[in-house]
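Okay, thanks everyone for coming.

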Amino acid sequence: MSFLKEKYQLICCSTGEPLKLNGLPAVFVYSGTNLPDNHPDDFLDVVITKIKDINANIITGCYKILEEECSTEWEEFKWEDVFIETTCVETCDECLPEPVIVKSLTEQKTIYPDFIVNNVDADKAESIFCTYANMNYKKVLALRYGIEFCCPYDLVSATIEFEILKMDIATDSKACCPTVIATPCFEYNVTVGPISFSELHTYDYYLHYKDCNSKSAIIKLVNVSKTEYVLCGLPGQTVSDIYVYSNSTTVSTVPVLFSESTTSC
């Protein structure tokens, strides 16, 4: 009497997918060979975490063993060649990795960074700000689109509370707003030219640099004898920030040499 072959698969606890070997679902065929401690029935109520086969290859993971489901393609392995040594636990929770707690992208909104108000609760202050904004929004909707609200909005009361809150905050101007750190500013020693008298009277020449507010600043060059300038601007400026240009259609070739000093301005 021949033994009816039984087929099994290792199903991953985390994905529910069968174990793949050589790119195909692996099917382990048990043909009735009795070996100690490796009968399929011994693994039906446990979770396999490590398998060592006859060639000393090791498979690790978190797998439940189930009878093989219908598959279009698979690769068969002899049960007795694979399940030589096994390590098991009782449940999937014992071998699955700890869940990664992802911090929520939504954080509690604040009115100002590092929001502090004098003798006023931050949540109460936020409620007053939001109520005032909501009342004004409803007023705009009513005036522009003729929308009528079932619940009347009291813009007057919201405005009074809003103005009182502003006075409370304004008691100490440093308490409600973060300290603004001034951008450092340094002197630049700039040498321009030379520019000939004819050039200067043919075209308008300008010295360009970045001021302390990171804005473009220009100085019109009107004196051929004046070649030295001391500018005050942002640190770290390069030739793309400090240069001379003209109103001609050609690119200015006036040389500019400059150095950044350690003197703040």
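This is a predicted model: local features need pLDDT of at least 70, side-chain atom pairs count only at pLDDT 80 or more; totals for chains, interfaces and linings use all residues.

**Strand 3 and its partners**

Let's start with strand 3, which runs parallel to strand 6 (residues 75-78), with four bridges joining them. Within that pair, Val27 has Glu76 in strand 6 as its bridge partner. Residues are numbered from 1 along each chain as its sequence is written, and side-chain values use heavy atoms, with hydrogens and water left out.

On terms, strands (E, at least two residues) and helices (H or I, at least four) are DSSP runs numbered from the N terminus, and two strands pair if DSSP finds at least two bridges between them.

Back to strand 3. Strand 1 (residues 6-12) is joined to it by three bridges, antiparallel, and there Tyr8 has Phe28 as its bridge partner. Strand 2 (residues 20-21) is also antiparallel to strand 3, with two bridges, and Leu21 sits opposite Leu24. The hairpin of strand 2 and strand 3 has two residues between the strands, and Asn22 in it takes a positive phi near 60°.

So is strand 3 enclosed or open? Six of its seven residues (24-30) are buried, so strand 3 is largely enclosed by the rest of the structure. Buried means under 20% relative accessible area, exposed is over 50%, and partly exposed is in between, using a 1.4 Å probe and protein chains only.

**Strand 9**

Next, strand 9, residues 205-210: five of its six residues are buried, so this one is also largely enclosed by the rest of the structure. It pairs with strand 10 (residues 216-221) in the antiparallel sense over six bridges, and Lys210 has Ser216 as its bridge partner. Their hairpin has five residues between the strands, and Ser214 takes a positive phi near 65°. Strand 12 (residues 243-246) is antiparallel to strand 9 too, through four bridges, with Tyr205 partnered by Ser246.

**Glu187**

Glu187 is in strand 8 (residues 186-192). It's partly exposed, at a relative accessible area of 26%. What does Glu187 touch beyond its neighbours within four places in sequence? Its contacts (heavy atoms within 4.5 Å) are Val230, Leu231, Ser259, Glu260, Ser261, Thr263 and Cys265. Take Val230: 43 residues away in sequence, with the C-alpha atoms 6.5 Å apart.

**The pocket**

A pocket here is an open set of points on a 1 Å grid over the protein atoms alone, where a 1.4 Å probe fits, with protein on both sides within 12 Å along at least five of seven lines; lining residues have an atom within 4 Å of a point. Lining residues include Leu21, Phe77 and Asp81. Strand 5 (58-67) and helix 1 (79-82) each supply at least two.

**Whole protein**

Zooming out, there are five helices and 13 strands. Of the 265 residues, 28% are buried. And among contacts between residues at least 6 apart in sequence, 66% join residues at least 24 apart.
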